[in-house]
Amino acid sequence: MNPLQQELVSKLCLAVETVMNPVVTQADRLAAHQICEEFKDKSSSCIQVGMIISSKEYPPMIRHFGLQALEHCIKFRWNDLTVHEKLFVKSNSLMLLDTGTKNIIEEELHVKDAISRIIVELMKREWPQNWPTLMTELHDAAQHGETQTELVLMVFHRLVEDVVAFQNLPNQRRRDILQSLTAQLNQLFVFFLNILETNSTRYRQLVSMGNKQESLAVNKVSQAVLMTLTGFVDWVPMSHIVENNGLLLQLLCLLLNESSLQLHSAECLLLIVSRKGKLEDRKPILILFCEDAMSTILTAAIAAEKSSLDEYYYLFLKRLCQVLTEIGKQLAVLWGTDPEVVEPPNFSTYLEALLAFTEHESKMLGSYTQTLWALFLRHKHISKNPTLISFIPRVVTAATKSLLKVGYPSQNDYPSCAYSKLDFDSDEEFNMFFPRYRSEVADTVRLATLLQPKLTFNIAYNWLKSQLQKPLNIGEAGVDKGICNLSSPSFLEWDALSVFLESVMLRLMASTNAKPETTEGIELLEQVLAYETQDPLILSCLLSCISALFPLLSYTPETIPVVLDKIFGSVIFNIPGQTKSTRSRAVKNVRQHACSIIVKICKQYPSLIFPAFDSLYTHIKHISNDPEQLSQMEKTILLEAILLISNEFNNFEKQSAFIQEILAPVRELWMSKEFTQAFLSPDMFMSYVGLDQAAVEPSSADTCGINRSHISYCAHTILGVINRSKCPDNLQIAEQGGFVIGTSTVTGQPILRNPATSHILELFHNFIVLLKTLNGLWLPEYLRLRHPDFEKAYDLLEVDKLAILGIPPPCIDNSDSTTCKQPLARVKSFLGMIHDNSFHILGNAGQYLGYEFYAASNIMNFLNENVLCYGEYIPDYRLRPVIHILEYNLHVFMKPFIWNCPKDFYESAALPMLMKLCPFILQRLSTKWQLINTQFQTGSENEEESESQEIIEDQLTRQLTREYLELLDYCLTKRSHSDNGVGDDLNMEENEAQKSNQNKEMGLNELGQLCLKTDALYPSMLFCIFNGLSWNDTLVCQKCYKLCWPTVKQLISDGVMTDEAAPYVFSSVLSGLQVHGQHEGSQANLMNLALQLYEALRPTFPVVKSVLLQIPNVSQQAVEIFDDKIVQQGPQKQLPEKKKKEALKNLVFEIIGKNVGQQFKREEQYKNLPSLFKPHRRKADSLLNNDSKDIGICSLFHPNND
């Protein structure tokens, strides 16, 4: 070391120590950091000095910096190094690997990792072409000791990660290295297996001899080879994994019983058994069904179970469970497709192991197995296998325990709680997991019922009978109240039982196998009906059991009155001492549950219930007249039930008269002078509902609360009547009943009328006035009128905020709570409910009221004028329902305004509404996205808003945008619009089945063509679709991309495309590339679209070529060359699509967006090395060079002698 190097070494050591010293000043740390960075970037002695301070004489911190400096030189200064310097780096790096480290136990992991990174970076630039001896040198180094072996393995692991997984090097170099690796896989796997076999055997010997130090060293090598194998086993040809009679699989199975290696072995094995690909490649995996492998796996599982509450062993147990399930999935794929694959040996042992995991106290382990049981039970061949069939009783019995909602991590009352503490951070996280898990278990029960209906029914039968006879166990927590809470043992069992019974009954009648006698089911139903309880939670579960047994009513119609009596008894259920205003949450829930079950039975079995229509209606009227009995919600639900039965009249006049009778009290209120005046203006509405007055407690003393209750009752009833009133599905019955009023002149289909239409339409004027008033509440002059008690009444509901923020609701048991909502919460709920219900009424009116609704021109005009009044003041969360009324919302399964608009009224109803909505939404979204994009680019934050509020605003904008684009999609491309204006439930499945085909038809539908021919409408649609490509939301970009080409194609076809529009649409796609180019899928889509648009627009609009000239660093010559390639004349000269895309990508490369982590990344230096294999084309000999004068041409013209 010369004096200059000595001085530099001292300076660097001091700088590194300063950087890492926690007590130095920030200025000193920055100065030291600057010294280090300048050394790596500019020093001509970087390699020599880096090698010096990397030696093991220096502290690990200094050595690590020296190794970092070497890696930096290789990555970023490689092309500037001389040949001598490159040779120096390569030789000395191997010396570092061979002799430059301490003992394997003593050496720091980060130092070993840094050395392996240096070798890998050299390989990525030099191997194999300029370093053909490397593999031999690495092999030799590995023979020099455990440390060197571990480092060599780390080199291979990091190399294969960079080349195969991360692919973070140029394609040419990646191909060269991968090709060379693949060519040497045989030698590599022999190398890996020798190390693994030798060291694992030696480890066991050293442990038995008590040599702890040496055994630790050998163990580290074994761990390293297992880690390295995880980088190879999921992509190498299967032949390498199963060679030598499956030696690798044997070793991995054996190591499952070595506590220090079992987790690494299980993870490696999991990668192997999870492989996808050709069936012949998967077949060797079934060797794991052999007795040796299966017994080894089971032994390891049993041993791990003994210490399963230890986090390490529990993680191993989960990996082992995943290995077993993946083996089963491979079997399911092969069984039946490969004639050689039949029931494997030890299948029974395998199923025993799988069942043991299913029965384990850990819910997570059980969850891993449920999907496999379902797969087996669905399988055409496995489901008929006698061995599997013999396990079904035990699987179903296990399900009865799995369905219990126990195991909260915050509790210790069940064994599963201990495992939940390892799997979940909170009760809320467990609450999010459990419904999915319970759904999987229920699915298994349903599939088992299809195969063995008698078995599952008998289990349900015995379980239910047992529960009916058991005394109530309310647990310690419920002793004070004397009733169950959510953690009471009796409730937990009843809850699980109701889910199990529902799963069984759901598939019982559909099974083609021998079913139980219906008398048993009827007997069970009678016992359930005879059971009496005053516990609201148990009663709710009992109602679920009654609901599950509804299919039996067809066999015992005489039981229906008893069923109805039982359910109606629950409708008016109450706990002594509680009044209408002080009912507990559990009592309210059971009453609403009973009302919902009445609706269910009336919907599913209307013909059975219809004979009891009069008595049912009389009873509902009787209990509704008692002011202290039913809540407004309960009344509305029961009215919906009776409406469903009234549809069985199949007589328009009778149904219309009945609806008129039901709506009479609503009409009286809704059309009253009091309501009419209250709806006229925002200030009068605020006074009527109490927004400008101080809060009043209790609620019974709040007269404005009564007003709010009346408005809610009317809105709920109107919505219920719209949803439940319908005309017959059978056209012949509809004609006989007077529902058909004509034939459409456009589609030729019959026009049906809903018996509720005339009664609902007369309420619509006040209803639309109310909508306008609700929008007006957001005007600044009316916001100021709010009383301070209700300043936050317009805010988003807390539950909606949590949903937007992705925060699970708190896990609270409030079943026995009798606390009423505070005045602010009541008013906030009322405003949200009346706003949402109002727009649901509008959307459902299109679906159910149909033709007559759209034909009411006065209603359409009034609606169009008022529905978006003051829209600029309405927040996004209030604006979303406006979109919902215009689109088909899959979540609530309705066909609203646009979706159901008959073709007869496209121009009079749909287009005017869209002409009002689209420009408004465009302006709204453009402003919002400009703000979001600006904040994203600049990182600016609004200090006045909290972080959570910013997230909420951002998410609401994204949701609003996506929903609006779905609306445009339905307007422009979907082809399932209703032609008769009536909600035809029978066509729903057909429409959904055709959905995928419709998506492939990229042309516009009839409404879409009308939209693009309407000058006042299509620009706002076009701007939104193409501007959306550059809005910073990948889903929005995908939705816009889907609509771009169909709209442009239609505009070109209609002759509407102009010289101004053509460059706009093309530049918009390029802007989208700038924002979303970092995502491979979006980049591919947008590149395709850009090429498609250029080819379509360039011949007619040459101005699009000028857009390319605006790209940075793109010359006129490059654009001309590209343009010549695209617009070549003659089909024989056309370039292939792939070449065109490559040409365009090369042209726009500068503007393709990059991930923020890649934007300022320094480019690593590489040079493409000579090709590994140079194919030499054999040139055909020229005829002129033929020495022979006779080249055979003359013989072609000789006559045939034969």
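1. You are looking at a predicted model, and its protein chain averages a pLDDT of 89, with 92% of the residues scoring at least 70. Confidence is highest in helix α19 (residues 386-402), at a mean of 97, and lowest in helix α47 (residues 988-993), at 35.

2. Which stretches call for some care? Over residues 976-1001 the pLDDT is below 50, and this stretch has 49 contacts in the model beyond near neighbours in sequence. Helix α47, with residues 988-993, has the lowest confidence in the chain. Residues 885-895 also stay under 50 in pLDDT, and for them the model has 42 contacts beyond four places in sequence.

3. Now for the overall layout. The domain assignment divides parts of the protein chain into domain 1 (1-79), domain 2 (82-236), domain 3 (243-330) and domain 4 (650-863). Between domain 1 and domain 2, the C-alpha centres are 26 Å apart. To their contact, domain 1 gives 15 residues and domain 2 gives 23 residues.

4. There is also a record to compare with the model. An unreviewed UniProt entry lists residues 32-99 as "domain: Importin N-terminal".

5. Two spots in the backbone deserve a look while you are turning the model around. The peptide bond from Trp127 to Pro128 is cis, with omega near 5°; Pro128 sits in the loop that joins α6 (109-126) to α7 (134-142). Further along, Asn346 has a positive phi, near 65°, although this residue is not glycine. Asn346 is in the loop between α16 (311-334) and α17 (347-358). For background, most peptide bonds are trans, and most residues other than glycine have a negative phi.

6. Next, the second largest pocket, which holds about 1400 Å³ of space. Its lining is made up of 23 residues, and those closest to its centre are Gln167, Leu169, Phe1149, Lys1154 and Gln1158. Helices α9 (171-183) and α53 (1080-1097) each contribute at least two residues to the lining of this pocket. What classes of residue make up the lining of the second largest pocket? The residues divide into 6 nonpolar, 9 polar and 8 charged.

7. A search of the whole structure turns up 4 cavities of 30 Å³ or more. The largest cavity contains about 80 Å³ of space. Which residues line the largest cavity? They are Leu774, Leu777, Trp778, Tyr794, Leu831, His835 and Arg878. By class, the lining of the largest cavity has 5 nonpolar residues, 1 polar and 1 charged.

How values were computed
Residues numbered from 1 in each chain as written. Predicted model: local features only at pLDDT ≥ 70, side-chain atom pairs only at ≥ 80, totals over all residues. Heavy atoms only, no water. 1 Å grid on protein atoms, 1.4 Å probe; cavity = no way out; pocket = protein on both sides within 12 Å on 5 of 7 lines; lining within 4 Å. Points joined across faces, edges and corners; volume = space filled by probe spheres on them. Helix = DSSP H or I, 4+ residues; strand = E, 2+ residues; numbered from the N terminus. Nonpolar A, V, L, I, M, F, W, Y, C, P; charged D, E, K, R; others polar. UniProt positions renumbered as here; feature names shortened; annotations may be inferred. pLDDT = per-residue confidence, 0-100. Contact = heavy atoms within 4.5 Å. Domains from an automatic or database assignment.
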